[in-house]
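Please look over the chain shown below before reading on.

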Amino acid sequence: MFKHILLAVDLDQKDSWGKALPTSVEYAKAFGSTLHIMTVVPNFGSSIVSSFFPKDHEEQMMEGANKALHKFVDDNIPDDIKVQHIIGHGNAYEEILRISEKIKTDVIIMGAHRPRMEDYLLGPNAARVVRHAKCSVLVVRD
């Protein structure tokens with residue numbers, strides 16, 4: 001049923017994957033799926049902000065995220081599951097949607113926290129992914 005599962009995680013926030021990770025592992029085992037595990041490095045946007053960082057800060061951040069994601073997978077995903085590591089760069093929900101379409105995922109699995117007041121004004125990433133995804137989305141609450 002699900003050949004390609006996209007699990008979006010924030011490596012610095014366990015509540016983004018604490019319950020979503022075991023769920024995605026169960027799905028991948030049950031369906032013999034490839035588990036695409038993704039994290040997103042934020043884009044600092046304007047040139048004024050980026051001028052405060054060293055020239056190659058984005059490359060360093062991408063390399064650091066790649067190493068951290070590989071360690072995360074080694075520590076948390078059983079060896080019998082086929083995994084693809086994906087590092088996005090930019091806005092989290094936009095990158096999740098872009099990658100999902102690119103690899104033609106059957107389901108996106110994400111963790112979500114209980115909404116805070118600012119989430120109602122700005123909209124959390126999970127809500128935006130649910131609204132705009134072209135595939136099924138499973139939101140696992142912590």
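**A walk through the fold**

The protein chain has an accessible surface of about 8700 Å², 52% of which belongs to carbon and sulfur atoms, the areas coming from the Shrake-Rupley method with a 1.4 Å probe and, for residues, with only the protein chains shown counting as cover. This is a predicted model, in which local features need pLDDT of at least 70 and side-chain atom pairs count only at pLDDT 80 or more, while totals for chains, interfaces and linings use all residues. Residues are numbered from 1 along each chain as its sequence is written, and side-chain values use heavy atoms, with hydrogens and water left out.

Of the 142 residues in the protein chain, 37% are buried, where buried means under 20% relative accessible area, exposed over 50%, and partly exposed in between (1.4 Å probe, protein chains only). The chain holds 6 helices and 5 strands, which are DSSP runs numbered from the N terminus (helices H or I, at least four residues; strands E, at least two). Along the sequence, these elements follow the pattern β-α-β-α-α-β-α-β-α-α-β. Among contacts (heavy atoms within 4.5 Å) between residues at least 6 apart in sequence, 76% join residues at least 24 apart.

The 5 strands form an open sheet in the order β3-β2-β1-β4-β5, with parallel pairing; two strands count as paired if DSSP finds at least two bridges between them. Its edge strands, each pairing on one side only, are β3 (82-89) and β5 (136-141). On average, neighbouring strands of this sheet are turned by 25° against each other, direction ignored, with axes fitted as lines to C-alpha atoms (for helices over the stretch in contact) and angles running from 0 to 180 degrees between N-to-C directions.

Strand β1 is largely enclosed by the rest of the structure, because 4 of its 5 residues are buried. It is joined to the parallel strand β2 by 5 bridges, with threonine 34 in β2 as the bridge partner of histidine 4. From β1 the chain crosses through α1 to β2, and this β-α-β crossover is right-handed: with the strands pointing away from the viewer, the path from the first strand over the helix to the second runs clockwise. Strands β1 and β4 also pair in the parallel sense, over 4 bridges, and leucine 7 stands opposite isoleucine 109 in β4.

Glycine 111 also lies in strand β4, and counts as buried because its relative accessibility is 14%. Its bridge partner in β5 is valine 140, within a parallel pairing of β4 and β5 that has 6 bridges. Helix α6 (residues 125-132) lies across β4 and β5, running at about 155° to β4.

How many residues does the largest nonpolar core have? It has 19, and those with the most contacts inside it are Leu7, Leu35, Ile37, Phe72 and Ile77; a nonpolar core is a set of buried Ala, Val, Leu, Ile, Met, Phe, Trp, Tyr and Cys residues joined through side-chain atoms within 4.5 Å. At least two residues of this core come from each of β1 (4-8), α1 (20-31), β2 (34-41), α3 (57-76) and β4 (107-112), and α1 gives the largest share, 4 residues. Leaving aside residues up to four places away in sequence, phenylalanine 72 touches Val9, Leu11, Trp17, Leu21 and Ile37. A second, separate core of 16 residues includes Leu97, Ile99, Ile108 and Cys135.
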